[in-house]
Amino acid sequence: MTGENTNFTEILGTYVNAENPTADMSNCPVRDVIDKIAGKWSTLMLLALGDGPLRFGQLRRTLPDISQRMLTQTLRDLQRDGYISRTVYPTQPPAVEYALTDLGRSFLTPLLNLVQWAEGHHDIIRAARKEYEAG
């Protein structure tokens, strides 16, 4: 998408109505998708499920600083948007497993690109923040 012939203003214009800045943009696909997937826990959860299905407890151990409430809410959000599936097995007690759907797996490639970019630029970003805060 990036390159010499990319017109970013034109792309932006597709999603922002300059003629009517107060227009209802609730149907903007960029805002809608990025808002839901960009959360701190959503991206980490998708990465955790990238190697295969996990149960709730396994996810909790994989992301040890997430609260149970936030883990539950993030799983529900990802399931509602179609990134993951939830399977309940009829055991005693019931076993619940979470797995990426085809949509979730299709998001792994751009997500991994973003993760690699973040890792490669993290020091630069931290230095810029420090310089900004120093005035």
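Reader: Which residues have the most contacts inside the largest nonpolar core, and how many residues does that core have?

Author: This is a predicted model, and in it the largest nonpolar core has 20 residues, with Met45, Leu46, Leu49, Leu59 and Ile84 making the most contacts inside it. Helix 3 (40-48), helix 5 (68-80), strand 3 and helix 6 (102-134) each supply at least two residues of this core, and the largest share, 4 residues, comes from helix 3.

Reader: If I take Leu49 from that list, which residues is Leu49 in contact with once its neighbours within four places in sequence are left aside?

Author: Leu49 is then in contact with Leu54, Leu59, Ile84, Tyr98 and Leu100. For the protein chain as a whole, among contacts between residues at least 6 apart in sequence, 39% join residues at least 24 apart.

Reader: In what order do the elements of the protein chain run from the N terminus on?

Author: The chain comes to 6 helices and 3 strands, and these run α-α-α-β-α-α-β-β-α from the N terminus on.

Reader: How should I read the sheet, and in what order do its strands stand?

Author: The 3 strands form an open sheet in the order 1-3-2, with antiparallel pairing. Strand 1 (54-55) and strand 2 (84-89) each have a single partner strand and stand at the edges, so one side of each is left without a neighbour in the sheet. Strand 1 pairs with strand 3 (residues 95-100) over 2 bridges, and Arg55 has Glu97 in strand 3 as its bridge partner.

Reader: How many bridges join strand 2 to strand 3, and how many residues lie between these strands in their hairpin?

Author: Strand 2 and strand 3 are joined by 6 bridges and run antiparallel, and Ser85 stands opposite Ala99 in strand 3. The hairpin that these strands form has 5 residues between them. When you look at side chains along such an element, keep a general idea in mind: in a regular strand they alternate between the two faces of the sheet.

Reader: Which peptide bond is cis?

Author: The general idea comes first: most peptide bonds are trans. In this structure, the bond from Gln92 to Pro93 is cis, with omega near -10°, and Pro93 is found in the loop between strand 2 and strand 3.

Reader: How many aromatic pairs does the structure hold, and why is the pair of Tyr83 and Phe107 called tilted?

Author: The structure holds 1 aromatic pair. The ring centres of Tyr83 and Phe107 are 6.1 Å apart and the planes stand at 55°, so the pair is tilted. The pair links distant parts of the chain, 24 residues apart, with Tyr83 in the loop between helix 5 and strand 2 and Phe107 in helix 6.

Reader: Is Tyr83 buried or exposed?

Author: A residue counts as buried under 20% relative accessible area, and Tyr83, with a value of 8%, is therefore buried. Thr43, which lies in helix 3, is also buried, with a relative accessible area of 18%. Buried residues make up 21% of the 135 residues in the protein chain.

Reader: Which residues does Thr43 touch, not counting those up to four places away in sequence?

Author: Thr43 touches Ile37 and Leu111.

Note on methods
Residues numbered from 1 in each chain as written. Predicted model: local features only at pLDDT ≥ 70, side-chain atom pairs only at ≥ 80, totals over all residues. Heavy atoms only, no water. Pairing = 2+ DSSP bridges. Core = buried A, V, L, I, M, F, W, Y, C linked by side-chain atoms within 4.5 Å. Buried < 20%, exposed > 50% of the residue type's maximum accessible area, 1.4 Å probe, protein only. Contact = heavy atoms within 4.5 Å. Phe/Tyr/Trp six-rings, centres within 6.5 Å; stacked < 30°, edge-to-face > 60°.
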